[in-house]
Amino acid sequence: MTTQLSRHQTDAGTASAPPVPEVDPAAVAAFAERCVGFMNQGAIALLISVGHQAGLFELMVRHPGSTSRQLADTGHLDERYVREWLAGMVTAGIVRYHPDTRTHVLPPEHAAVLTESAGPDNMAHLMQYIGVMGRVEQPIVERLQHGGGLSYADYPDFHRIMAQESAAVNDASLIDGILPLVEGLPERLEAGIDVADIGCGSGHAINLMAAAYPGSRFTGYDFSADAIATARREAAEWGLANARFEVLDVAALDVSEGFDAITAFDAIHDQAHPAQVLGNIHRALRPGACS
Ligand SMILES: C[S@@+](CC[C@H](N)C(=O)[O-])C[C@H]1O[C@@H](n2cnc3c(N)ncnc32)[C@H](O)[C@@H]1O
């Protein structure tokens with residue numbers, strides 16, 4: 001069934017207002033409900049991110065059946081806020097509440113998705129990106145009006161969250177799962193080759209490879225000075241003499257036949273000039289390089 005919401009008629013012969021389309025009220029109501037859902041789900045994602053960063057999910061796994069007071073005391077958190085967060089989690093159907101004892105439980109099925117036990121599949125890491133995007137809302141509104149660009153520096157926390165997320169993946173599978181996908185690469189790494197990582201971020205992948213293959217030499221490139229500082233710190237903590245890092249825009253990478261293998265984890269799609277970067281990578285590879 002359709003109905004007409006309103007219609008403004010103009011005098012015959014004068015310019016007319018655009019016709020008001022007929023709408024299906026059931027479709028309007030259904031879409032309005034979806035919009036409420038967008039808002040609710042976005043708010044829940046933020047609450048998950050808050051709980052993740054405050055360590056509340058891990059705390060709930062270690063102390064199942066706790067009151068808000070017990071969780072706050074154990075985690076050195078403010079009870080009033082913990083109670084409010086728990087109420088949101090209960091309303092969202094993520095945490096179960098037992099009113100008789102005023103205790104809370106994170107069901108094991110939910111813990112398997114929102115805690116470190118999920119390894120690289122920990123969805124709580126991902127929820128942090130909603131807050132990251134929220135931080136650039138106003139600059140984006142302004143860019144829509146006036147044009148211009150944003151840089152990584154406009155996304156505070158990006159490198160910290162990215163490093164957390166990719167470390168979970170790389171710790172679980174870089175050495176034994178991802179590198180062997182390239183035929184012969186583990187053997188050549190063992191024998192000793194020169195490797196670069198393009199857009200290495202906080203450098204964990206380079207450091208893992210350098211630790212696993214002390215006979216090879218590794219260089220990480222990224223244009224974020226903060227990320228490179230984190231990478232160098234970890235390399236120093238691990239005592240790696242075969243890992244080095246350079247702050248560099250890889251669109252300007254000027255190396256000829258310097259490497260036997262070049263990796264790029266999650267970095268090519270971010271390029272402002274992808275063809276140029278791929279050309280630079282090609283030039284930087286030695287003949288017979290792993291590909
Ligand atoms: C999605 S992140 C991936 C980081 C890292 N490879 C990882 O897996 O954790 C993309 C990275 O590429 C870097 N990047 C993007 N464009 C770059 C460029 N032109 N030169 C150097 N680094 C760049 C960013 O600073 C960021 O660290």
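**Pockets and their linings**

Modeller: α6 (123-135), α8 (158-178), α10 (204-212) and β4 (217-222) each supply at least two residues of the lining of the largest pocket. Helices (H or I, at least four residues) and strands (E, at least two) are DSSP runs, numbered from the N terminus. This is a predicted model: local features need pLDDT of at least 70, side-chain atom pairs count only at pLDDT 80 or more, and totals for chains, interfaces and linings use all residues. Residues are numbered from 1 along each chain as its sequence is written, and side-chain values use heavy atoms, without hydrogens and water.

Biologist: Which element gives the largest share of the lining of the largest pocket?

Modeller: A pocket is an open set of points on a 1 Å grid over the protein atoms alone, where a 1.4 Å probe fits, with protein on both sides within 12 Å along at least five of seven lines; lining residues have an atom within 4 Å of a point. The lining here has 38 residues. Nine of them, the largest share, come from α8.

Biologist: What is the volume of the second largest pocket?

Modeller: Grid points are joined across faces, edges and corners, and a volume is the space filled by probe spheres set on the points. For the second largest pocket that gives about 250 Å³.

Biologist: Where does the second largest pocket lie?

Modeller: Domain bounds come from an automatic or database domain assignment. Both domains give residues to the lining of the second largest pocket, so it lies between domain 1 (25-134) and domain 2 (170-284).

Biologist: Which element gives the most to the lining of the second largest pocket?

Modeller: α6 and α8 each give two or more residues. With three residues, the most comes from α6.
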